[in-house]
Protein chains: 4
Amino acid sequence: MHIGLVGLGKMGNNMRARLREHDIEVTGYDNNPAVSDVASLKDLAAALPAPRIVWVMVPSGPITAGVVKELSEALDEGDMIIDGGNSKFTSDFDNEKLLEPKGIKYVDAGVSGGVWGLQNGYGLMVGGSDEDIEYAMPIFDALRPEGPREEGFVHVGPTGAGHYAKMVHNGIEYAIMQAYGEGFELLETKKDLIKDVTGTFKAWQRGTVVRSWLLELLVLGLEQDPSFEEISGYVEDSGEGRWTLEEAIDNAVPMPAISASIFARFVSRQGDGSPTMKAVAALRNQFGGHAVKKAD
Amino acid sequence: MHIGLVGLGKMGNNMRARLREHDIEVTGYDNNPAVSDVASLKDLAAALPAPRIVWVMVPSGPITAGVVKELSEALDEGDMIIDGGNSKFTSDFDNEKLLEPKGIKYVDAGVSGGVWGLQNGYGLMVGGSDEDIEYAMPIFDALRPEGPREEGFVHVGPTGAGHYAKMVHNGIEYAIMQAYGEGFELLETKKDLIKDVTGTFKAWQRGTVVRSWLLELLVLGLEQDPSFEEISGYVEDSGEGRWTLEEAIDNAVPMPAISASIFARFVSRQGDGSPTMKAVAALRNQFGGHAVKKAD
Amino acid sequence: MHIGLVGLGKMGNNMRARLREHDIEVTGYDNNPAVSDVASLKDLAAALPAPRIVWVMVPSGPITAGVVKELSEALDEGDMIIDGGNSKFTSDFDNEKLLEPKGIKYVDAGVSGGVWGLQNGYGLMVGGSDEDIEYAMPIFDALRPEGPREEGFVHVGPTGAGHYAKMVHNGIEYAIMQAYGEGFELLETKKDLIKDVTGTFKAWQRGTVVRSWLLELLVLGLEQDPSFEEISGYVEDSGEGRWTLEEAIDNAVPMPAISASIFARFVSRQGDGSPTMKAVAALRNQFGGHAVKKAD
Amino acid sequence: MHIGLVGLGKMGNNMRARLREHDIEVTGYDNNPAVSDVASLKDLAAALPAPRIVWVMVPSGPITAGVVKELSEALDEGDMIIDGGNSKFTSDFDNEKLLEPKGIKYVDAGVSGGVWGLQNGYGLMVGGSDEDIEYAMPIFDALRPEGPREEGFVHVGPTGAGHYAKMVHNGIEYAIMQAYGEGFELLETKKDLIKDVTGTFKAWQRGTVVRSWLLELLVLGLEQDPSFEEISGYVEDSGEGRWTLEEAIDNAVPMPAISASIFARFVSRQGDGSPTMKAVAALRNQFGGHAVKKAD
C-alpha cells in the first residue's frame, strides 16, 4: 500500500516512520520544504496510485479544514481522506458534507499515544462506513500497537464517532492526570511524615489498583525533578477537554471530576505555583512532548 | 521465617496463601474457627518462634485496635506487630504509643491489590524504622509483585507513613474510577453516534494515554454486562477516601477531582440510577470483590 | 405610550398588568384566544400607533425566533422589537441580522423576578443602542422596581449584552440555591444537634451575612413543608445555566461552584432523593412558580 | 442587666457599644490595657453582680479555651459563660464538661454580621438549655437586629448547636461569595460585549432573584475599584469553612459547591491573580473588615 501523509510535525513524522517500518509506502507533504517529500498537495496527489488514500495530520480547526478543502480539489472520485488530527467531531460532519458530493470517501481517526506512539504503536478510534474502514485497515494495523487488534483499535460508529471517542478519551485523561496531581500535592505537603514521594509513586507501578501508563510517566518525571521545581504549574488545555465538557452539558451528563480538571487548568493561567498542576504539566511533557514552561 | 496472621477474610486468606507459596510459614488466626489454624491469640503467640512477627489483617477501627490491644498482652518484648489493614494513619500513632513502652515493635503497611493480589502480588507501602522494616523484609518480598522491589514496595517514612500513602493511593483511585465512569456515561448517552462503547474501552488498552489496570478491569465488567443493567449505581465509600479529603482540608491542599468522586458516592445513596456510578460499582466489584448491589 | 406584548403566559400576563398599572397602554397577543386582546400578530400591528414597539415574551428558542420572523413581516421601518424572553444571547445577533436590513430596531432585555415581579417589579438588563434604549425607557421604568433606576435597570452593552447579563445572573442564581441546599442538607442530617432547621434559616433573615431574597423564599418553603417531604428532589435546568457554563469554557473562566450546581441538577434526573435538591426545587417553586414534582 | 465582655477587638468593641446603646451595662476586659475597663479577669468577676454573665469574644481555639479555663476559676456556681466567638462546635462540648461540675452555666452563640453589626444588629444562633437562654435573652435582644426576634435570633438546640449553625452559615457564605465571584469573572472577561460590569451588579439589587446583602457589598466594592485592580486574589479561609466540609464528610453529605469555594481559596495561596477570588476578597473586606492583601 502507498499512501499520502499531510503534516510532518512531531506526530506526523513519527507516524510516517512507523508506517514505513510496517511496509506501508508513504509520501509525505509538509509546508516546511525541509521535511516534505513533495512540493505541494497537487504533487502529492500525482505521486499516489489510484484510488488514493491521504492521511491528514495537521493542527485541528481552520488548518485541517483548509487542507481537506484543498485535497477535495486535488483528489478524484473514489479517493479517500482520513483525518487523524485532534479535530472536533462536528468538523467531520462538515468534511463529509464537502466530500460526499465529489465521491471522495472520508474516515475520521482519533489517535492516542503521543511521542511514544512510534515505539509502542498508537491507540486508534475510527469513524466511518464499514467498507471504507475495511479498506484502510492495513494502515490502522501498521499504526496500532502489537497484540490483538481490538485492544488498540476500534471502529466506534459512523463519521465523527472516532473523534468523539478520542475527545472523551482526552477528557478522562485530564481527570486521571488531575487525580495523580492532587495526590502528589498532598504527599508533597505532608513532609513531616512522607519522606519519599518519588519512591511512593514508583512503588505503585506493580500490584496496586492505581497502576497505569500515566503513573509510569509521572515516575519518569519525578526521577528527573523530584519536587518539580523546574516546572511551571501553568497547563494549557487542548480543545478536547473543553469539547468533552460542552458535550456533557448538551447531554445533561454530570462531569464533576473532568470539569474540575479542566477548571484547574484555567486557574493555572492566573498563577502557576500549584504542585498539582506542576505534576500535570510534567505528565503532559512526558507523553506529549508538550513544551513545559520553566518556573521562573 | 514463621509468622502469625490475624484475620483470614477475603484478603487475609489470600495473603496467607501467597506467603506460603513464597516459603513463609504462616499460622493463621480468625475468630471463625472453621478457617483458623489456632484457637486463640494466646495460642497463636505460643505457636510462633521468638522474636515473633504477627501481621494483623482485620477491619480497621475498633476491631484492629482490639486485636492490637490483645496482642500487646500476648506478645513479649522484641516481638513485632504489622498492621496491614486499611487503618487510618492516626491509629498507627496510637498503636505505637501502646506498644513502645512494652518494647514491642510496630510497622504499618498499606496494602493494595484486592482479590487479584494472590496472583499478581500486592503493592506495599510501609511506615516504621529502618531496622524494623529490614527485619520484616522477607514478608514484604513474598507479598509484593515479581520484578524490581522498588516497583511494588516502598518504605515511605516513620510510623503512619505507610497507611498515609495507602490513603492517598485510594483517594487517587476514587478519582480515576470517577474519570472512567464519567467518560462511560457520556459515551453511553451519545447512542446515536457511539455504536460500540465496550469496544471503545477495550481499544484503549494498548497504545493510548489512558491505559491502566483499572481500564482493563472496566473492560472485564463491560464484557459481562455492557450497559451495567444488572448493577446498582450505589457505591459505598471506604474510610480512606474521606480521610484523604480531611487531610486535604487540614493541609489546605485543593482536591477538586478527588472530592468530586467522593461526593458522587455520597449522592449515590440518594438515587442509584447514575451510569457513572454503575461503572464505578462495576470497577470496585472487579478489583475488590466488593459486593455489588443488584439493580432492582 | 401604547405597546404590543406577544405572549401572555405566567410572565407576560403579569407584565401586561404591571405595565397598565404604570399607565402604559398594552395590546396583548397570545395564540390562546381566551387571553389574547387581538386575533393575530397582523391585528396587533394594526392596533398600535407608529412607530410601534412590540415586546416579545414567549419561550426562548424556535418559538421566539418564529415570532420575531413573523413580526419582521408585520412591522415597518422605524418600529422596534424587544425580546424579553430567556433567550440565548447569540439569538440576539440573529435577530439583529434579520431586522437591521428592514430598518426595524431591536433591543434584548433580560428580565428577572419571576412570579413576584408583578408586585416587586422586574430586574432588567438590556442590550442595544443608546438611542433605542432611551426611546423604550418608559417601558423599562414601568417594569422595574421602585427606587433608583440604576438599582433595578442596566444598559449592559450592545445587542446581546442584556441576555448575556441575565444568563450570568441565572448561573449565579443556581450556585446560590445550591449553597443554601447544601447547608440545609447538613443541618437536616445532623438531627441529634440541630433541633430547629426552619428556625435557623428564619433567623438568618436579618443581620447575617447570608441574608438574601432567596433565603426569604426558602423560609417560606420550609414553613410550608419543613423537611420538604412533599417535594421531589428532581430539578430541571433551564438553558441559561448551561449557556453560562459553555461561555465559561469558551472564555477559559473557571466555574467550579456554578458547574457543581448544574451537575447536581443533572444528577437529580437519576435519583430524586437528595435533600439539597429538594431545597433547590422548593426555591424554584417559590420564585418562579415552576411546577414541583411531588415526591412519590 | 450588667454583664462582662472579654475581648474588645473589632467585634467585641462594637458589641460593647451596641449593648450599651440598648441599656445593658457592660464591663469589658481585654489584655490590651488601653481599651480594657478592668485590669484582669478577676477584677472583671469582682465588678459584676451575681449571678454573673460573661460574654467571651476572643479568637477561637486555644485563646478561647484559655479564657474559659481562667473564668471557670474566677466565677462561682450559678454564673454563666457565653462563648460568642467563631469557635468549633466541639469546643462547646469541652467547655460544658469543664463548667458543669462547677455549676457554671454555658451557652454557645454563633454571631454573624461583621463590622456592620453595630449598626444593623447581629444575627444570633444559640445553643444551650431553654432556661439558660431565657435568662440571657435581654443580651440577645440587645444584640440582634430590630424586627421580629425570630428573624435575627434562633435557639438551635443543645450546647454546640449555635456554633454548628454558624459554621454552616459560613459554609453557605463561602459558596455565595464564590458564585458572585465566578459571575464577575465571566462578565469581566467578556469585555467585547459587557460594557458595564459594575452597573450590572448594581442593577441586580432590586427585583432580581440574586439580590442579597452580599450583592450590595459587592457593589460597594466595585464602586471603589471597578476591576479590583488594587486587590490581591489571595483569600484566607477561616476555620468554619473547613469544619463545614469536615462535617459534610463525616455525615456523607455531598457538598460540591461549598467545597469548590473552599478549594478556590486554597488555590489562591498559590497564585493571586484570579478575578473570581479578587471579588471574594473584596467581599470579605466589605463585611468583615478583613485586611485585604494589596496586589503587587
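**Chain and domain contacts**

Tutor: Between them, chain A and chain C bury about 1400 Å², with 74% of it on carbon and sulfur atoms. Buried area here is the accessible area (1.4 Å probe) that two parts lose on being put together, summed over both.

Student: Which residues of chain A lose the most area to chain C?
Tutor: A:Ile249, A:Pro254 and A:Phe263, together 43% of what that side buries.

Student: Before we go on, what am I looking at?
Tutor: This is a predicted model: local features need pLDDT of at least 70, side-chain atom pairs count only at pLDDT 80 or more, and totals for chains, interfaces and linings use all residues. Residues are numbered from 1 along each chain as its sequence is written, chains are lettered from A and ligands numbered from 1 in the order in which they are written, and side-chain values use heavy atoms, with hydrogens and water left out.

Student: OK. How many residues does each chain put into the A and C contact?
Tutor: Chain A gives 17 residues and chain C gives 17 residues, where contact means heavy atoms within 4.5 Å.

Student: And how many salt bridges across it?
Tutor: Zero between chain A and chain C by the rule, which is a side-chain nitrogen of Lys or Arg within 4 Å of a carboxyl oxygen of Asp or Glu.

Student: Which helices of chain A supply that side?
Tutor: H11 (239–250) and H12 (256–268) each supply at least two residues. H11(A) has the largest share, six residues. Helices are DSSP runs (H or I, at least four residues), numbered from the N terminus.

Student: Switching topic, what are the domains of chain A?
Tutor: Domain 1 is 2–157 and domain 2 is 167–271, with bounds from an automatic or database domain assignment. Their C-alpha centres lie 30 Å apart.

Student: How much area is buried between domain 1 and domain 2 of chain A?
Tutor: About 710 Å², and carbon and sulfur atoms give 65% of that. On the domain 1 side, A:Lys88, A:Phe89 and A:Trp116 lose the most area to domain 2, together 57% of what that side buries.

Student: How many salt bridges there?
Tutor: One between domain 1 and domain 2 of chain A. As for A:Lys88, its side chain meets that of A:Glu246 in a salt bridge (3.1 Å, N to O).
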